[in-house]
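Dear colleague,

Please find the structure below. I would be grateful if you could read the notes that follow alongside it.

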Amino acid sequence: MDSIQDFIRGIPKVELHMHIEGCIEPEMMFALAERNGISLPWKSPEELQDAYRFDNLQSFLSLYFEGCKVLVKKQDFYDVTHAYLKRAHMDNVVRAELFIGPQTFTEKGIPLSELMEGVLGAIRDAEQVLGISAGLIVSTHRHRTEAEALELLESIMPWKEHIIGIGMGGAEMPNPPSKFATYFKVCRERGFRTCIHAGEEGPSDYVRQAVELLQVDRIDHGIACLSDPALVRELVQKRITLTVCPVSNLKLNVVSSLDVHPLRILLDAGLKVTINSDDPPYFGAYINDNFLQCHAALDLSVDQVTTLARNSINGSFLPEQEIRALISRLDLYCAEFQKRRTH
């Protein structure tokens with residue numbers, strides 16, 4: 001008889017919230033630094049790993065942007081993207097929708113083409129070799145100006161057909177979604193699906209602004225919504241997916257322990273909540289680790305795990321036909337698991 005842990009490891013799942021710059025394993029960071037002649041502030045991968053103790057989002061971002069410096073050439077972006085997709089495939093991720101923030105790199109004079117061709121090349125190769133589907137979401141930094149965001153939008157247009165959506169990340173405070181109302185309007189007018197980090201360290205009002213003012217398709221994080229019951233009802237009614245990152249929330253002190261993480265409350269409220277890894281090497285947990293740790297801390301049932309996986313498929317930016325195919329695959333997996341359990 002299979003265990004629920006086996007069920008979690010094998011269930012087909014979609015990762016909707018993972019940053020390419022945030023998935024550089026320590027050994028790879030040092031290898032890329034050596035390849036590009038870059039000196040790092042840490043003496044070894046072990047010392048770097050010891051630095052993964054964060055007080056809050058800002059303390060994490062400081063280290064995160066330091067790590068970004070090793071990504072310089074097309075091959076660097078290819079290698080880090082391909083390494084993540086290979087690792088995700090091991091966790092039975094059937095689809096990954098990946099963020100990257102080009103402004104970090106273009107401001108240093110790195111040609112946008114190096115980044116885009118490296119990432120997109122890795123996505124194409126992983127699909128052919130591993131059979132994992134992946135899509136790229138271009139993420140804008142909220143600490144920059146709306147004019148800079150619009151400038152980024154213009155610069156990515158040559159790759160428009162290869163970009164599945166536009167997102168926004170960075171320090172929420174004091175950068176409310178309302179600051180980018182025009183930008184998101186233009187993104188929608190150009191046919192892009194949209195999402196934004198909101199309600200991680202920011203208040204529920206930031207989630208409301210994202211939904212009502214920016215009219216986004218997905219909310220990344222979003223757990224602060226629970227302080228506003230009317231907003232929760234609106235999110236349920238509009239079937240807006242929340243891409244929650246439980247271990248990230250723990251490591252950044254958004255919650256004091258996984259036992260008190262609001263994941264189950266979000267599920268019970270009928271919200272379209274999903275589990276994701278955010279920046280897995282920094283937080284020590286890829287997607288299966290997030291599922292397994294949440295199961296252990298919150299006693300998630302097979303049905304709840306199934307709902308989380310189903311939400312991740314339905315919340316993706318895939319065409320409807322591909323969503324239906326993945327749901328069928330999920331249903332078949334669950335039926336076979338139940339059959340094995342009863343024999």
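The notes below concern aromatic pairs, charges over rings and one arginine.

This is a predicted model, in which local features need pLDDT of at least 70 and side-chain atom pairs count only at pLDDT 80 or more, while totals for chains, interfaces and linings use all residues. Residues are numbered from 1 along each chain as its sequence is written, and side-chain values use heavy atoms, with hydrogens and water left out.

Rings of Phe, Tyr and Trp (its six-membered ring) are paired if their centres lie within 6.5 Å; planes under 30 degrees apart count as stacked, over 60 as edge-to-face and the rest as tilted. The count by this rule is 13 aromatic pairs. The F7 and F337 pair is tilted, because the ring centres are 4.5 Å apart and the planes stand at 45 degrees. This pair links distant parts of the chain, with F7 in helix α1 and F337 in helix α17, 330 residues apart. F7 and F337 are both buried (under 20% relative accessible area, with a 1.4 Å probe and protein chains only).

F60 and Y282 form an edge-to-face pair, at 5.5 Å centre to centre and 75 degrees between the planes.

A charge sits over a ring if NZ of Lys or CZ of Arg is within 6 Å of the ring centre and within 35 degrees of the ring normal. R218 lies over the face of F317, 3.9 Å from the ring centre.

Finally, R144 is in the loop between β3 and α8 and counts as buried, at 11% relative accessibility.

Yours sincerely

Methods: Helix = DSSP H or I, 4+ residues; strand = E, 2+ residues; numbered from the N terminus. Buried < 20%, exposed > 50% of the residue type's maximum accessible area, 1.4 Å probe, protein only.
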